[in-house]
Amino acid sequence: MSLIPGLSTSLSGMKTAQAQLEIISNNVANVDTPGYTKKTAQQNNYVLAGTSVGVTLGEVQRNVDEGLLKSYLSSNSLTNNYSAQNTYLGKTEVLLGTPQGDDSISANVAALQAAFDTFATDTTSSAGRYNLVNQADTVASRLNYISQEIQKLRGDADVNIGEAVENINTLLNKLDNLNDQIVKYSVLGYDGTADLLDQRDDALRELSGYIDITYFKRDTGAIVIQTTNGTMLLDNDVHELSHSSIAQASPTATYASGGINGIYVDGKDITTTIRNGELKGLIDIRDTTLPSLQSQLDELAGTLMSEINQIHNMGTAYPNTPDILTGTRTFIQDAATNTYPQSIRIENGDVRFTIFDSSGKQVATTTLVGGLGFTEGSISEMAADLQNWMQSANGPNLPQAKVYVNDSGNLVIDTGDSNYGFSVMDEASSTPGSEQQNVTISFDAGNNGVFGNQYEGFSNFFGLNDFFTDGQNEYIYDSKVMSPTSNLGINNPTIWSFSDTLNGFNYGTITISPNNTLSDIVNLINENPALNNNVRASLVPNGSGYMLRIEDLAGNQMQITETQGDNLIGKIGLEPSNVNTSLTIAVNSEIKIDPTQIAGGSPQFNPSTGKYVLSEAANNIANELGKAFSQTNNFKQSGTIAQTTTTLANYASTFVGNIATQTSNAESSLAYQEELTNSISLKEAKVSGVDLDEELGQMIVFQQTYAACAQAFTACKEILDMLLSVV
C-alpha cells in the first residue's frame, strides 16, 4: 500500500518543481521590466492524517524592502520638484541673459546710460538724438518682451499644473482599481497577486513624482494614500484633485489675490500644503520665482521712468519747441458740474510759463503764484487762469490758445498757433532769473480738503513732458512689505475714502481701528458693499513678508485718501504700484517719431535783456539725465531683492545675477537629488531585482528535483504495474 503514497509524493514534487521553474522563467523573462520584483515561493511539507504525503507550494512572495520604497517615494518627489524648477529657471536665464553677456537687460541699461552721456556732450547732434531714442526703445522693448515671456511661462506652469492634476487623478484611479484586485485575489487565493503588487508599487513611484505622498497598508492588503500633510487621496474611494488653469497670466493675476485658481481636494484648497513633487516645483515657479522676477523688472522700469521723467519734465525741446503738450496724469471729473475739482497747492517756489517764437525768443512770460495769483485751487480753476493769460492782449495774445482737461482726464496746454511754443519751468521764486528748482505740489486727490499727496515738479506732476510713458492709470496701490499680523502703529481710528473716474468722489469708505492688521484691512475692503464690486484688496507675498494690494477692478484712475487718522497711508507706504510697468513702458510716441522733442536744456535767463531764451546747444538737462544713471536710487523690496540703494544698471545686474545663481543652484541640487534617487533605486534593485546567475542556479536545482521526482514516480509505477500483473 506504500506505493500509492509514493506516487502521490513524487507527483507533488514534480508539480512543485514545475511551478518553481515557472516562477524562475517569469523572473528571467522580466529581468529588464521596470518595476518588476523577484518572485519566490516557499515549499511546505504536505501532511495528511499525520503522514507526510508530499510537498506543496506556498504563496508567491516578492522580495521588497518597504523602507527603501518609502525612501524612494520621498526622494523622487524632491527630484521632480527640482526638475520642474530647473526647467523654467533655464528658460528664464535665457530671457535675461548672463551677467557677463552683452545681451542681458543690465547691458541694455548700461548702453542707454552711454547714449545719454553722448547726448549730453552734443545736444545738437541728430545722430546722438536718434541713438538715444533707439537705445531707450531697446530697453523699453526688452522689458516689455521679458515681461510678456515671464507671464507666458507662468501660464505654461499653470497649464502644467492642470496636466499634473489630471495625471494624479488617473494614477489614483489606477491604484484604486489595483487595490480592489489585490483584495479580491488575496481572498480567493488567485495567482498573480504579487504581480499586481508590483504594478501598484510602480504606480506609487509615478505618483510620487507629481506630489509628495505617504501610505500605509490595511489588513485586507489595500493601501491608503495621503499627502505628507495629511490630505486623503485614496482610501475606500478616490479623492480626486481639481484645478482650473488660467487662460492667460498677468502680473496682477496671483494665487494670493484669487486671480489664479487653487488645487482642491473635496472642496478644500491644498495648494499651500503641497510640499514636494512636480506640483510643488511648478507652484513655486508660478507663485514665487517668476513673480519675484516680475516685481524686480517692474521696480527697475518704474524707477527708470520716474527718474528720467522727473528730469526731462524740467527741460524744453528746441528748435521744435512744442506748441501743445498733453499730460499723462488722469483726473476725476465731477459729473454734476463737468469740472475737475481736485485741488493742488503750490509750495516751495513758483511755476513759470514762457511763450517762445520759432527762433527761441521770449514772447511773454508769467508765473502761476506771483503772476497769476494762483497758489491753491482746483485743476479747472488753474487751467482757466492759465488760458486767460495766454489769450490776453497783455500776455502772449494767442486767442486760439486753450488749457483744459480732455475727455480722458488729462491736462492739455495748447498755444493754438504752431509758430509759438512754450515751456514750463519751476523756479525758486517769482523773480525772473531765479534758480531753477522743482516746486512741491500738494494734491487733494479725494476732493475732500485733504492735501495728502505730494509731488515734485509741476510739469512732472501733470506728466506734460514725459520721456517714458506706460499708458496706465493709477489703479493699483501697494504697501511696503510687512507681516500680515503686525501692528499698524496707529492710536486713533482711521478713515480711508475711495474715489475713481467711474464712481466719482468718496463713493466708499472704511474705518480702520488701532488694533487692526493688514489682514483686517483686506477684509474691511472686500466686505464693504460700496467697494466690493469695484475694488479688490489682497495680501501679495513679497520676499519675507506681504504687501497690501488694492486694485480698481475696472482699471479706472483710483484715489485713496485718509480723511481722518494718524497718516496710516504714509506709515505702511501705500502708494501707486509699479506693477505692469515693465510690460507697458515705452518711449513717448512724440519723441519716438521726432527725436528733436528730447529736452536737452531749459530756458536761460539773459540779465541784460531781462528775458528768457532757448538755445539748441543748452545741455543742462541732458547732463542731469546722464547723472540719473550714476546716482543711487532707492529700490523697494521686490521678491528676493531686499530694499536697497544702488544705481539703475547695478540693480538690473543684481536680479540678472540672482537668476543665474538660482539656476546654477537648481542644477546642482537637481544633480545631487537625482544621484540620491538613483542610489536608492539601485539599492532596491539589489534587494528585489532579478539576478540571472542566481536564477539559473535555482533552475538547475529544480530541474534536478523534477527529474528525481519523475524517476521516483516511474519506479513506483513500474513496481505497481508488476504487482498488478502478478495478481
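Modeller: Keep in mind that this is a predicted model. R345 lies over the face of F451, at 4.1 Å from the ring centre.

Colleague: And what sits over the ring of Y72?

Modeller: The charged end of R205, which is 5.7 Å from the centre of the Y72 ring.

Colleague: How many aromatic pairs does the structure hold?

Modeller: There are 16 aromatic pairs. In one of them, Y185 and Y190, the ring centres are 5.4 Å apart and the planes stand at 75°, so the pair is edge-to-face.

Colleague: Is Y185 buried, partly exposed or exposed? What about Y190?

Modeller: Y185 has 24% relative accessibility, so Y185 counts as partly exposed. Y190 has 43% and also counts as partly exposed.

Colleague: What kind of pair do F635 and Y651 form?

Modeller: F635 and Y651 are stacked, with 4.1 Å from centre to centre and 5° between the planes. F635 is in strand β30 (residues 633-635) and Y651 is in helix α14 (residues 648-688), so this pair ties together parts that are 16 residues apart in sequence.

Colleague: Are those two buried or exposed?

Modeller: F635 counts as buried, at 0% relative accessibility. Y651 is buried too, with a relative accessible area of 1%.

Colleague: Which residues make up the ring cluster?

Modeller: Ring pairs link F331, F353, F443, Y455, F458, F461 and F462.

Colleague: Let's step back to the whole chain. How many helices and strands does the protein have?

Modeller: It has 15 helices and 31 strands. The C-alpha atoms fill a box of roughly 155 × 55 × 40 Å along the principal axes.

Colleague: How much of the protein is buried?

Modeller: Buried residues make up 49% of the 727 residues. The protein exposes about 31,700 Å², and carbon and sulfur atoms supply 47% of that area.

Colleague: What share of the contacts is between residues 24 or more positions apart?

Modeller: Taking the contacts with a separation of 6 or more, residues 24 or more positions apart account for 69%.

Colleague: On to strands. Which faces of β15 are covered?

Modeller: Both faces of β15 (residues 411-414) are covered. L411 and I413 on one side are buried, as are V412 and D414 on the other.

Colleague: Which strands pair with β15?

Modeller: Strand β9 (residues 324-326) pairs with β15 in the antiparallel sense over three bridges, and L325 stands opposite I413. Strand β14 (residues 402-405) also pairs with β15 in the antiparallel sense, over four bridges. There, K402 has D414 as its bridge partner.

Colleague: What is in the turn of the β14 and β15 hairpin?

Modeller: Five residues lie between the strands, and G409 takes a positive phi near 85°.

Colleague: How does β23 join β24?

Modeller: Eight bridges join β23 to strand β24 (residues 545-552), and the two run antiparallel. V535 has D552 in β24 as its bridge partner. This hairpin has two residues between the strands, and G543 takes a positive phi near 60°. Strand β23 (residues 535-542) is mostly covered, with six of its eight residues buried.

Colleague: And β11 with β12, how many bridges there?

Modeller: Five bridges, with strand β11 (residues 350-356) and strand β12 (residues 362-367) paired in the antiparallel sense. R352 has T367 in β12 as its bridge partner. The hairpin has five residues between the strands, and G360 in the turn has a positive phi of about 85°.

Colleague: One more residue: where is T56?

Modeller: T56 is in strand β2 (residues 51-62). With 32% relative accessibility, T56 counts as partly exposed. T56 and K15 are 41 residues apart in sequence, and their C-alpha atoms are 8.5 Å apart in space.

Definitions and conventions:
Residues are numbered from 1 along each chain as its sequence is written. This is a predicted model: local features need pLDDT of at least 70, side-chain atom pairs count only at pLDDT 80 or more; totals for chains, interfaces and linings use all residues. Side-chain values use heavy atoms; hydrogens and water are left out. Rings of Phe, Tyr and Trp (its six-membered ring) pair if their centres lie within 6.5 Å; planes under 30 degrees apart count as stacked, over 60 as edge-to-face and the rest as tilted. Buried means under 20% relative accessible area, exposed over 50%, partly exposed in between (1.4 Å probe, protein chains only). A charge sits over a ring if NZ of Lys or CZ of Arg is within 6 Å of the ring centre and within 35 degrees of the ring normal. Contact means heavy atoms within 4.5 Å. Accessible areas come from the Shrake-Rupley method with a 1.4 Å probe; for residues, only the protein chains shown count as cover. Two strands pair if DSSP finds at least two bridges between them.
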